[in-house]
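Welcome, and please open your viewer. We will walk through the model one selection at a time.

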Amino acid sequence: MSAQPEHLTEPVSSASLKDLYEQHSRMILSTAWRITGKSDDAEDILQLIFLRLLKSRSSDLEAVTGGYLRRAAVNASLDIVRNRGKHQEQSSLEESAALRDTGSGDNPEEILRSHDLADALCLALSRLNKRAAEVFVLREIEGLTNDKTAELLGTTPNTVTVTLHRARTSLLETLSSWEGLSERTR
Amino acid sequence: MKKDTEKLLEKAVEQVKGRTGDSEQLNQSASRAWQEIERHAGNPVSQSGSHVSETGCARFSRLVPAYHNGTLDEAQSTLLREHMRECFSCKSKLRRLQSAEKAPAAAMPVRRTPAWLKWGSIAAGLMLMVLAAQFMFWAGMLPGISADAITVNSMQGIFYSLSGREIMPVSAGDVFSYGETLKTGPETAAVVTLRDGSELELAPRTEFDVVGGWQGDTVRLNRGNIIIRASDQGSGRLKVLTGDCDVAVKGTIFSVRHGLKGSRVSVVEGEVWVKKNGDNTVLNAGQQYTSRAGLAPRAVAEEVAWSRNSSEYLEMLAAVSDLHRAIENVVMSEELRYNSGLARLLPQDTFIYAAAPNVVDRAESFFQAVEDAIADNPRLSEGWNSEEGLELQSHLDELKNVVYGLEGVFGDEFIMAVSRITDSDPLPVILAESRDNATLVAEIEALNDRIAEESEGIRPFAVIDDPFADGLPDPPLLAWCGDGLFAMSPSLELLQQIAEADGSEGTGGFAENPLYEVIASQYDQGVDWILAVDFPSVADLADAGHEMTSDEEFVNPFRSIGSMIAKRKLVNGEPENQIIFSFTEEPTGPLAWLAEPMPMGAMDFVSPDACIAAGVSMQDPVIILDEMLEYMADADDGSYEEFADLQDEIGLDIRNDIAASMGGEALFALDGALLPSPAWKVILEVYDETSLQNSIEYLLSMANTAAEAGEDGHQLVLQKSPVGGSTLYSLTYTGSDITVYYMFVRGYMILAPEYSIIDKAIQYQSTGYSLVNSPDFIASLPSGESVDLSAFYYHDFRSILDTVKEMVNTDGVEAFSFLADMEDGPAQFMSGLYRTDSELVISSNNDLQDCLSILGVVGAFADTWEEKAEAIQP
C-alpha cells in the first residue's frame, strides 16, 4: 500500500484513555464544579471532554496532559456559564419588557439578585474576553503560577500578568455595577 | 467603594474555590461519568469496530425537543450540540422542529408601541434604508446578500441542501440564502420560489443554487431539469447558467435540462435568449436549443411532461406544433431512408425484420477501401500476399465478379425477414426492389452454374417469374424476379403471399402487426441498418415447452419486453448505435430497478484521466427491497420468512437501517496508476451516512463475534481518523493485508484501497476537474434524446494501452509491437443505457470492436500484468 495519512494510526485504546481518566477526572470534575457550581454540569463536562478524546487519534492522546485537560475543563465550564447567562438574560429582559408594558417596573438586572456571589463572579467571567477569563481562572481560582499559566497558554509570564490585571479590572467594574444595581433595587 | 468591590471579588473567588465536592462525591461522579462515556461510545471503548450505541443516539434524540424549547440545561445542551455535529438524524429532528415553528411565528402577538414612536421610527428607518441602499448600490454590496433567496414551496420525497461536506434535509417552508446548493433526490418533486416571485419546478436529482445580481437572480444549474415560470423581471433578466450555455429571460415559461451530454432549453411560452461561445440564439414558444450536436432534440411537450402543470403547458404547445415538427426535420440526414415500400408486403406474422442499405452498389468503393487499408499496412500486406492470402484473394475476386455484376440492379434497400404463415414453421425471405430483371436473372443463373460446377451439379437457386405458375421446381431457394420486385425464400407459399400483396397494391398484413409500427417509427427518424425483433415470438421459439417458474418470471428481464430494435446510422457525421427494448407492460425485477435517466453526481469524483468508469443509477433501494419482499411474500416459498428470521437474528432492520440510508447511484472507476495495484474506487450515493455507518459497525461487530467462535478467528477491524472535518474509515481483515478505506463526502460514500485515491476524488469533485467536464469524455457520449443516462460504461483505450506498452517494452517483447498501431484507433469508448417508462435504450457512438479490442488486450496481458505487479510490489 502506498503512503497513508500520517495521522491514521491506531485508534484510541481503552487502556490509554482509562489511564488519563484515572489520573485527571477528579481534577476536571473539581474545576468544572467550581465554575459551573453544579455537580451535574461538571459530570457532563467530564463526559464531553473524554468523548472528544475518544474521537481523536492515539498519537494525539499521547500529547494530552493534565494542563491541557484543565484548560479544556475551564473553557467548557465557561461556555456553559456563558450560555446559561444568555438564556437567563433573555428571559429576564422579556420579563422586564412585560413589566414595562404593564407599567410595573424597570429592572433588567432583576435576575442577578437571585445569584450568590460565586455565581455572579462566574457569570462576570463568562462575559470577559475568553483569553482573559481563562487566565483569571487558571491563576486565581485554580492557583497556577504565572509561569505555569503562561506555559499552558503558550504565552509569556508578562502577558499573563497584564491579561490578569485587565481581567481583574473588568471584573471589578462588572461586580461594582451589579452591586450598585442590587443596592438600588433593594 | 473600589476597596469594597475588591473585597467582594476576593470573597467571590474564595467562594468559587470552595465549591466542589468531597473525595467521595468526586469518585462517584467520575464513576457515573465513565459509565456514560462507555454507553455513548459503545462498550467497551476500545473496540472501535463495535456498534456505536443505539441507546446513546436515542438518548440524545429524546433531548432534542427540550433543546429546541430552550428547557434543556446548558451542560446537556453542550453535549447535544457536540453530538449533532456528527449525527444527521438528531440534526434532522431539530431542523424539523425549527421548520414547524416558522409558520405560527408570524401569528405571535406584537407589543404595543406609542404611535409617535412607531411612525417616527418608520420615517427614520426609511431614510436610513434609502441612504444605506444608495451606499450599498454604489458599493455593489446589495444584490448578493439575502437570507431568503429561495423559499421551498412544496416538496415530495427527498430534498436536501449541501453545505461543505454536509447534507441537511430540507422541508417545505425552509428558506435559503444565495449560494446555498440544493439537491432533489430520486422520486422527488419540489417547487421553490425566488425572491422575485419566479417559480422553479424541480425534477428528481436536480442540483442548483441561486446567486443575486443587480439585473436579477441567476440560477446555476449543476445538473438536472427545472421548469421555470419566470415572473416579470422589469428592466432586469432572470438567468440560468448550465456551464455550457447561458439562458436569459424576462417573463416566460421554459425548461432547462442539463446533464452529461449537454443542455437542452425548451420554451413553452414567451421568448428566451440562449448564449453560447458568443453566439446568441433567440427561442420562441415551441422551440428548442441543444448545446451539443450529439444531443438530439426532443419534443418540447415531452420535455415538460413530468411537470405538475404539464396539461397547461401542452395546451400552449399545441399552438406551435407545426414549428416543432419543422425543428425535428432539421436533424434528418439525406442519406438515410425514411420509408420502406417493401415492408408492407410481408405477412402479418413477421417477427424478425432486418433492413440494410444497398451495399451492392457500394461494393466497389468498399472493396477498394479494404484493399487500400491493406496496402497501407505492411503487416497486413505481408499476410495478404502470403500463400493463404492469395487463395483468399481468389475467392474474393469471384465474389467481386458476382457483386459487380449486380451493381445498379437493386433498389436502395435490402430486407431480410422471418415470418410465419398459417402456423407454419418460421420462414425466411429476402426482398429488394429490382430495377433490371434481365441482368438479375442472368447473374443468378451464372451463380448457379458456378456453384453447380463445384458441388456436383447442385443448383441452389431456382429463378421463377411467376410464383403461381404450375410445375415449379423445388430447390433450396426460390428466387422470384417479378415486375420491379426481387424476393427469395425457400417457401413458395410465402412468395405467393408476397406476390398477392404486391399485385393488389395492398399489404401482406404486416402493417397490422405492432412490430410494424415500431419499425415505421424508426423510418420516420431515418434508418440505415436496422434489426427489429418481436421478443415474445422469439422467446416462444427458444423456450418452446418450457414453463417458467414464478422465480424465473420475476427476474426474467425479457418478460415485459415487446420488441427490440438494433440500429446503426450516422448522425451529424457521427456513428450512432442503439438497441431499444420497448416494454409492453410495467417491467418487474432488475429492469424495473434501473432508474430513469438522471444526473449522476458520483461522476464528479472521477478524473478525466480515468482508464475505465462504469456507473448505474438505480431506483430508491427501499423501493427495490420492498418489491423483492413483496415478491418473496407472494411466492409463499418460505423465503420471506427466512428474510424476517435473518433480520431478527442479526438484530438489524435492513429496510430502514441500510436500504433507506442508501441512494441509487453506484459507480466504479479505475482512476490512477494501474501498477502495482489498480487504483480503483467505488462511489455510492448515501442519504444518511450516520445510520449507514452505525449499521456497518453493528454488522462488523456481529461478524467479528461470529468469527471469534470460528476456527481462524480473523477479525474485521474498523479504524477511524479525522480528516479535514470528516472521518476516514479503514477496514482491515486480519486474515490478510487487504485494507479498504472509505469516507462520506457530500452525500456519497467513496471506497478505495488507498486514502490518497479518496483524497484526489474529493479534489476532483471540488475543483470540477472531473470526467464529466472532460472534452474527450463529452465527445464520446452517445447521441440520443436523453440528456442523462441510467447507466454507462467508459474506457480510455490509450491510458490502458500506455500501461500495457510499458510492460511490454520493459520486458523487451518485440512481438507485441503491433500495439503501437492500435494507437491510431478511437481512444475512448462509451456506451450508455437509459430507461424510460416505455423503453430501455443502449446507445454508443463507437463500434463494438472498439470495446472488444480493449477486453482482448487486457485478457492477453493479464498474466504479464500480474507478474509486473508482483515485481513492483515493495
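Which residues in H5(A) are buried? Select helix H5 of chain A, residues 117-126, to find out. The buried ones are Ala118(A), Asp119(A), Ala120(A), Leu121(A), Cys122(A), Leu123(A), Ala124(A), Leu125(A) and Ser126(A).

A word on the model: it is predicted, local features need pLDDT of at least 70, side-chain atom pairs count only at pLDDT 80 or more, and totals for chains, interfaces and linings use all residues. Residues are numbered from 1 along each chain as its sequence is written, while chains are lettered from A and ligands numbered from 1 in the order in which they are written.

Now select the whole of chain A. You will find eight helices and zero strands (DSSP runs numbered from the N terminus: helices are H or I, at least four residues, and strands are E, at least two). Of the 186 residues in this chain, 39% are buried.

Next, move to chain B and select residues 238-241 and 246-249, which are strands S10 and S11. The two pair in the antiparallel sense over four bridges (strands pair if DSSP finds at least two bridges between them). Look for Leu238(B), whose bridge partner in S11(B) is Val249(B). Four residues lie between the strands of this hairpin, and Gly243(B) in the turn has a positive phi of about 100°.

Key
Buried ≥ 20, exposed ≤ 12 C-beta atoms within 10 Å, placed from the backbone.
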